[in-house]
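Here is a friendly walk through one protein chain. Take a look at the sequence and the structure first, and then read on.

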Amino acid sequence: MFSNMIPFAFSQKDRERALKMTTRTTLIEIWRDGGLTGLFTGVGPRVGRAGPSVGIVVSFYEVVKHALHRRQKTSS
């Protein structure tokens, strides 16, 4: 099932190794190969993508909260 997700450029040995890696071993390998910079590579784009999403969710929450509050006020 997961073997389809691993790129074809890997050998069979690399595929088996990748499937057996845990989060801990992955983090250790990234730290060894790239240090602190390696661990945080891609954080900027991720935050840039999540920011607008969070803004939309919070805005929607505030609009619904305001509408429900007004509705409750008029019905009492």
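The report below covers the overall fold, a surface patch and the salt bridges.

Please keep in mind that this is a predicted model. The protein chain has three helices and zero strands, running α-α-α from the N terminus.

On the surface you will find a nonpolar patch with about 740 Å² of accessible area, formed by Leu27, Ile30, Trp31, Leu36, Leu39, Phe40, Val43 and Val47 together. Helix H2 (23-39) and helix H3 (43-75) each give two or more residues to the patch, and H2 gives the most, with five residues.

Now to the charged side chains: the count comes to three salt bridges, listed here.

| Salt bridge | Closest N and O atoms |
|---|---|
| Arg17 and Glu29 | 2.2 Å |
| Asp33 and Arg32 | 3.4 Å |
| Glu62 and Lys65 | 3.4 Å |

The salt bridge between Arg17 and Glu29 links distant parts of the chain, with Arg17 in helix H1 (residues 12-20) and Glu29 in helix H2, twelve residues apart. Arg17 is partly exposed at 42% relative accessibility, and Glu29 is partly exposed at 22%. Asp33 and Arg32 are both exposed.

Why are Glu62 and Lys65 separated by about one helical turn? They are three residues apart in helix H3, which means a separation of about one helical turn. Glu62 counts as partly exposed at 37% relative accessibility, and Lys65 does so at 41%.

Technical notes:
Residues are numbered from 1 along each chain as its sequence is written. This is a predicted model: local features need pLDDT of at least 70, side-chain atom pairs count only at pLDDT 80 or more; totals for chains, interfaces and linings use all residues. Side-chain values use heavy atoms; hydrogens and water are left out. Patches are made of residues with over 30% relative accessible area and no salt bridge: like charges are joined within 9 Å, nonpolar side chains (Val, Leu, Ile, Met, Phe, Trp, Tyr) within 5 Å. Accessible areas come from the Shrake-Rupley method with a 1.4 Å probe; for residues, only the protein chains shown count as cover. A salt bridge is a side-chain nitrogen of Lys or Arg within 4 Å of a carboxyl oxygen of Asp or Glu. Helices (H or I, at least four residues) and strands (E, at least two) are DSSP runs, numbered from the N terminus. Buried means under 20% relative accessible area, exposed over 50%, partly exposed in between (1.4 Å probe, protein chains only).
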